[in-house]
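Thanks for coming. I will go through one interface and then a few backbone details, and I will keep it short.

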Amino acid sequence: MSRKETHKKVTVKAFRFNAETDYLPYYKQYELEVGADDLVLDLLNQIKWEHDGSFSYRRSCRHGICGACGIKVNGKPVLACKQNAMELLELFNNELVFEPQSKKRAMKDMIIDKKDFWDKHEAVQPFVVADIEEHPEHETAMSIAQVENILDADYCIQCGSCHYACPALEVNEDYLGPAALTAAYRFTVDPRDEAGMERLELTAQMGSGVWDCVKCFECAQACPKEINPIEKITKLHNLQFEQKVARSNVATRHAEGFVHSIKKHGILDEGHLVAYSERAAVVKHIPEALAMFKKGKIVMPWNMPKSKNLDEIQKLVEISQTNKL
Amino acid sequence: MSQLKYALYTGCTARESTPELLSSTLAVAKKLGIELVLLDEASCCGASHLQDFDEFLAYVLNARNICYAEKHGLTMVTICNTCQINTAMTKHKLDHDAELRARVNEKLAEVGLEYKGTSEVKHFLYALVDDYGLEAISDKVTTPLSKYNIAPFYGCHNIRPSELQNESNGGENPYVPTSLDRLIEALEGNSVDYESKNKCCGFHVDLQAPETSNRLTGTALVDAIDNNADMVVTPCPLCHLNMDVKQHHAAKTMGRDVELPILHMPQMVGLALGCTEAELGLKHHVTKVAL
Ligand code: SF4
Ligand code: SF4
Ligand code: FES
């Protein structure tokens, strides 16, 4: 990070909206002074304290721990109390636009209605579910390996940065989203917890669970606690197969189908994989397949290329495969 | 400049549904004097789906692919963003997790291989932009693309998460990526600035959630059109399949007329360097490319 500049005067645009009085949101410009160590939160304060006392945003701890101050700057999710402002000025060529995490959920300026986030969080039972003895005679010890298996999932501060950066959620309101799924993983692998199977069933649902993640890594990029939610989503996928919760459907067959192709050809047999995943529903892909065939985009089974040294690949699949559908 | 030489991991798509990607890659390399050694031993990378079924197996297979690049003593180049992320993620994991590396190597030993971690893994886009250099490419342009407004579509798996990708993508910032824009300008085309350039096309849920996929692809296409794009260019064949082959689905979901040619990154470069029609393989596109 270069800290050459110690002081700057800049014009910042901020999203303004009051759901009670405004019909439409608008943007307002503010002349701000930015010091080398100023955080985005300092700039929000400057707007409120020196320009317009009605400007609204959430903040509490100022230490990156309460998760209240998440906003977007030029589309990049940030924790206002953690993100250095000069760094952003450099990244965005001195033009900053402050917006709430989700414009369609805006209530007042940077403040949004986070109900959808909390509802989804609650749905995964984000706590240890266990019959606790009132007068235990010994502690419930966890091994180091068990603690490490939680990865960093328990660092989540529920800031919503990942949730409101997730494009799958943006177009599919039923999707649980990265934060809730991270919490689901965190408590499912907790050895004291007894609701793991319930959570795996819930997160295996088509339309709302792990299979609706588009694998864009926006969540991993967004998380200010560097939690990498999609890593936990992949673990949930694997757990669903391990624990035999995964039912045979188009998505699970699609994941598993790779093994068959790889065993046979080393590389993927694209056509066969679609047919294997879709079963009878494969007919809906026929128009597409014809269009592709006409353009020389489909390799016929008898022409399928094979990887060299295929026997090595077959052997490795045989000795390394851990899950079954 | 000493001659650049890489081990090319083609991935599966370039050998099946996007043959034009492989032919244009080879043609561009030839024009620029870059030597590519094909890794014909390589298997599928798992495409982020095998990983959901069996993460460990995916690590083993990807490690094996890297072993073959290591045997040649070469940097591996990929021509698919998803191959890139799965291979690079495997490399990163094995280079930082000694226990996993030992478990993987125990399997590889059974077929006489060992993952050593000596080969870099980078996408061909960054081999061109960062290793070959934009100025050197610019010098070779015979057919400037000045007539065209070209919308760069970066594709997720080359730019996020930056902590991983910055090991091989020249420090690209996922919120303000510039490599493709700069490449377009080096070929004298006009790069289109539009919000969707670094967004997701939704390819990975094509089968189970086509509505999501169509809407994400559609949003990007419409955004490009509304910003006067004549065409889109992408370094990822999976983005290409969604935008080219499935363009009419995306258009329908958006309720808009969409007729936008989609180029693979090497096709665009090849066009400017004077590669032949056959090499560019434009006849393989479902959405017509009329130049
Ligand atoms: S990787 Fe999955 S969960 Fe994360 S932001 Fe993308 S779609 Fe959402
Ligand atoms: S996972 Fe990270 S980004 Fe998502 S809510 Fe938790 S702390 Fe915020
Ligand atoms: S104010 Fe608490 S996390 Fe920023």
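How many residues does the contact take from chain B, and how many from chain A? This is a predicted model, and in it chain B contributes 69 residues and chain A 67 residues. Together the two chains bury about 5,700 Å², with 63% of that on carbon and sulfur atoms. On the chain B side, Phe53(B), Tyr175(B) and Leu207(B) account for 16% of the area that chain B buries against chain A, more than any other three residues.

Helix 3 of chain B, residues 55–72, gives the most to the side of chain B that touches chain A, namely seven residues. By class, that side of chain B has 31 nonpolar, 20 polar and 18 charged residues. There are also 30 residue pairs in polar contact between chain B and chain A.

On to the backbone. Most residues other than glycine have a negative phi, and most peptide bonds are trans. Arg160(B) and Pro161(B) are joined by a cis peptide bond, with omega about -10°. Pro161(B) sits in the loop between helix 7 (156–159) and helix 8 (162–165) of chain B.

Two residues have positive phi. Phe217(A) has phi near 65° and lies in the loop between helix 7 (196–203) and helix 8 (218–222) of chain A. Ala47(B) has phi near 55°, in the loop between strand 2 (35–38) and helix 2 (50–53) of chain B.

Are these two buried or exposed? Phe217(A) is buried, at 7% relative accessible area, and Ala47(B) is buried at 14%.

How values were computed
Residues are numbered from 1 along each chain as its sequence is written. Chains are lettered from A and ligands numbered from 1 in the order in which they are written. This is a predicted model: local features need pLDDT of at least 70, side-chain atom pairs count only at pLDDT 80 or more; totals for chains, interfaces and linings use all residues. Side-chain values use heavy atoms; hydrogens and water are left out. Contact means heavy atoms within 4.5 Å. Buried area is the accessible area (1.4 Å probe) that two parts lose on being put together, summed over both. A polar contact is a pair of N or O atoms within 3.5 Å; within protein, one must be able to donate a hydrogen and the other to accept it, and residues adjacent in sequence count only if both atoms are side-chain atoms. Helices (H or I, at least four residues) and strands (E, at least two) are DSSP runs, numbered from the N terminus. Ala, Val, Leu, Ile, Met, Phe, Trp, Tyr, Cys and Pro count as nonpolar, Asp, Glu, Lys and Arg as charged, and the others, Gly among them, as polar. Buried means under 20% relative accessible area, exposed over 50%, partly exposed in between (1.4 Å probe, protein chains only).
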